[in-house]
Amino acid sequence: MRKYELTDSQWEKLKDMMPSNNRPGRPWRSHRQSINGILWILNSGAPWRDLPERYGSWKTIYDRFRRWQRDGTLTKILTLLQLNFPAVTAAETYSPVTAEQNLSTVS
């Protein structure tokens, strides 16, 4: 497990609440991989285009972030993990110092 990524126990708490892909076409990328990418961005404060390739396309992860932000899924995820990201509405301006403090409290 890398820095800012979900532990197995955190993923177990989340996996049943994740939305399903009922649309035709290409299957979605792993929700866990997407969440890890989102957490990396929120904690690092980096721009979306700097997202490491191991999380997939920055555009795909950004689109999922925006979709989950609009439909409330992101708030549910962060609440369940007991993470507080006050700038989720403007992730590009989030302070990585505060994010690291928040993430260090998660067990």
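Reader: Which residues does His31 touch, and what makes them contacts?

Author: His31 touches Trp11, Met18, Pro19, Arg64 and Trp68, not counting residues up to four places away in sequence. They are called contacts because heavy atoms lie within 4.5 Å. The model is predicted, so local features need pLDDT of at least 70 and side-chain atom pairs count only at pLDDT 80 or more, while totals for chains, interfaces and linings use all residues. Residues are numbered from 1 along each chain as its sequence is written, and side-chain values use heavy atoms, with hydrogens and water left out.

Reader: Why is His31 called buried?

Author: Buried means under 20% relative accessible area, exposed over 50%, and partly exposed in between, with a 1.4 Å probe and protein chains only. His31 has 14% relative accessibility and therefore counts as buried.

Reader: Why does Asn36 count as buried, and what does Asn36 contact?

Author: Asn36 has a relative accessible area of 7%, so Asn36 is buried. Leaving aside neighbours within four places in sequence, Asn36 is in contact with Tyr4, Glu5, Leu6 and Tyr55.

Reader: In which helix do His31 and Asn36 lie, and what makes a run of residues a helix?

Author: His31 lies in helix H2, residues 31-44, and Asn36 has its place in helix H2. Helices are DSSP runs of H or I with at least four residues, strands are runs of E with at least two, and both are numbered from the N terminus. The protein chain has five helices and zero strands.

Reader: What makes a set of residues a nonpolar core, and which members touch the most others in the largest one?

Author: A nonpolar core is a set of buried Ala, Val, Leu, Ile, Met, Phe, Trp, Tyr and Cys residues joined through side-chain atoms within 4.5 Å. The largest has 22 residues, of which Leu6, Leu14, Ile35, Ile38, Trp40, Trp68 and Ile77 touch the most other members. Two or more residues come from each of helix H1 (8-14), H2, helix H3 (58-71) and helix H4 (73-80). H2 gives the most, with six residues.

Reader: How many residues in the lining of the largest pocket are charged, and what makes them so?

Author: Asp, Glu, Lys and Arg count as charged; Ala, Val, Leu, Ile, Met, Phe, Trp, Tyr, Cys and Pro as nonpolar; and the others, Gly among them, as polar. The lining divides into two nonpolar, one polar and five charged residues.
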